[in-house]
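Some labels in a structural description rest on cut-offs. The turns below set values against those cut-offs.

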Amino acid sequence: MRTDVFFFGTVPMPDAGAAGPVPTERRYGVDAVRAGYENQVHWAETADRLGYDTFWSTEHHFQHEGYEIIPNLLMLGVALAGRTRNLRFGQMFNVVPQWHPIRLAEDFAMADLLTGGRMVFGV
């Protein structure tokens, strides 16, 4: 049986919830984004250690309110593959109109080769 995990890739939000600020009024800086990326590393290492198959993330751009902060899933996958042993990395999904088609194909192919075939293409 295959078991996958899915992460939107958000910053830590201690003030989230009904009593917190309206999401469109949230503003997070570089330190919060860095913490969000560190969380991705932590969860990928944990998922790998627990035997999950694929770690799925979403591509989003300019999300200053802290939701979905990963603009390049291929780069994330290569970085996380260097910190894990077996976990595969899926893009759920690449925002195709924001990529040049040849660049996306080349970047994915390179990421897949560098990770030993551990990338899963999602559009």
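What follows is a series of questions and answers on this predicted model.

Because the model is predicted, local features need pLDDT of at least 70 and side-chain atom pairs count only at pLDDT 80 or more, while totals for chains, interfaces and linings use all residues. Residues are numbered from 1 along each chain as its sequence is written, and side-chain values use heavy atoms, with hydrogens and water left out.

Q: Why is Phe6 called partly exposed?
A: Buried means under 20% relative accessible area, exposed means over 50%, and partly exposed is in between (1.4 Å probe, protein chains only). Phe6 has 38% relative accessibility, so Phe6 counts as partly exposed. Phe6 is found in strand S1, residues 4–7; strands (E, at least two residues) and helices (H or I, at least four) are DSSP runs numbered from the N terminus.

Q: What makes the nonpolar surface patch of about 290 Å²?
A: Phe6, Phe8 and Met92 make this patch. Patch residues have over 30% relative accessible area and no salt bridge; nonpolar side chains (Val, Leu, Ile, Met, Phe, Trp, Tyr) are joined within 5 Å, and like charges within 9 Å. The areas come from the Shrake-Rupley method with a 1.4 Å probe, and for residues only the protein chains shown count as cover.

Q: How do you know that the span of helix H1 agrees with its number of residues?
A: The expected span of a helix is 1.5 Å times one less than its number of residues. Helix H1 (residues 30–50) has 21 residues and should span 30 Å; its end C-alpha atoms are 30 Å apart, so the two agree. Just after H1, Gly51 takes a positive phi of about 90°.

Q: Which parts do the buried residues of H1 pack against?
A: They pack against S1, strand S2 (54–57), helix H2 (73–81) and strand S3 (88–91); contact means heavy atoms within 4.5 Å. Among the buried residues of H1 are Ala32, Gly36, Gln40 and Val41.

Q: Why is the pair of Arg34 and Asp31 called a salt bridge?
A: A salt bridge is a side-chain nitrogen of Lys or Arg within 4 Å of a carboxyl oxygen of Asp or Glu. The closest N and O atoms of Arg34 and Asp31 are 3.0 Å apart, so the pair meets that cut-off. Both residues lie in helix H1, three residues apart, about one turn of the helix. Arg34 is partly exposed at 44%, whereas Asp31 is exposed at 56%.

Q: What makes the salt bridge of Glu45 and Arg83 a tie between parts of the chain?
A: The closest N and O atoms of Glu45 and Arg83 are 3.0 Å apart. Glu45 lies in helix H1 and Arg83 in the loop between H2 and S3, so the pair ties together parts that are 38 residues apart in sequence. With a relative accessible area of 27%, Glu45 is partly exposed.

Q: Which residues are linked with Arg2 in a network of salt bridges?
A: The network links Arg2 with Asp4, Asp53 and Arg88. Within it, Asp4 and Arg2 bring their closest N and O atoms to 2.7 Å. The structure holds seven salt bridges.

Q: Why is Thr115 called buried?
A: Its relative accessibility is 8%, so Thr115 counts as buried. Thr115 is found in the loop between helix H3 (101–114) and strand S4 (119–120). Leaving aside neighbours within four places in sequence, Thr115 is in contact with Gly77, Val78 and Ala81.

Q: Which backbone oxygens does the side chain of Thr115 reach?
A: A polar atom of this side chain lies 2.9 Å from the backbone oxygen of Ala111, and the side chain reaches the backbone oxygen of Asp112 at 3.3 Å.

Q: Is Gln91 buried or exposed?
A: Gln91 has a relative accessible area of 0%, so Gln91 is buried. Gln91 is found in strand S3. Leaving aside neighbours within four places in sequence, its contacts include Trp56, Leu73, Phe108 and Met119.

Q: Where do Phe62 and Glu68 lie, and are they buried or exposed?
A: Phe62 is in the loop between S2 and H2, and Glu68 lies in the loop between S2 and H2. Phe62 is exposed at 80%, while Glu68 counts as buried at 16%. Phe62 has a positive phi of about 55° although it is not a glycine.

Note on methods
A polar contact is a pair of N or O atoms within 3.5 Å; within protein, one must be able to donate a hydrogen and the other to accept it, and residues adjacent in sequence count only if both atoms are side-chain atoms.
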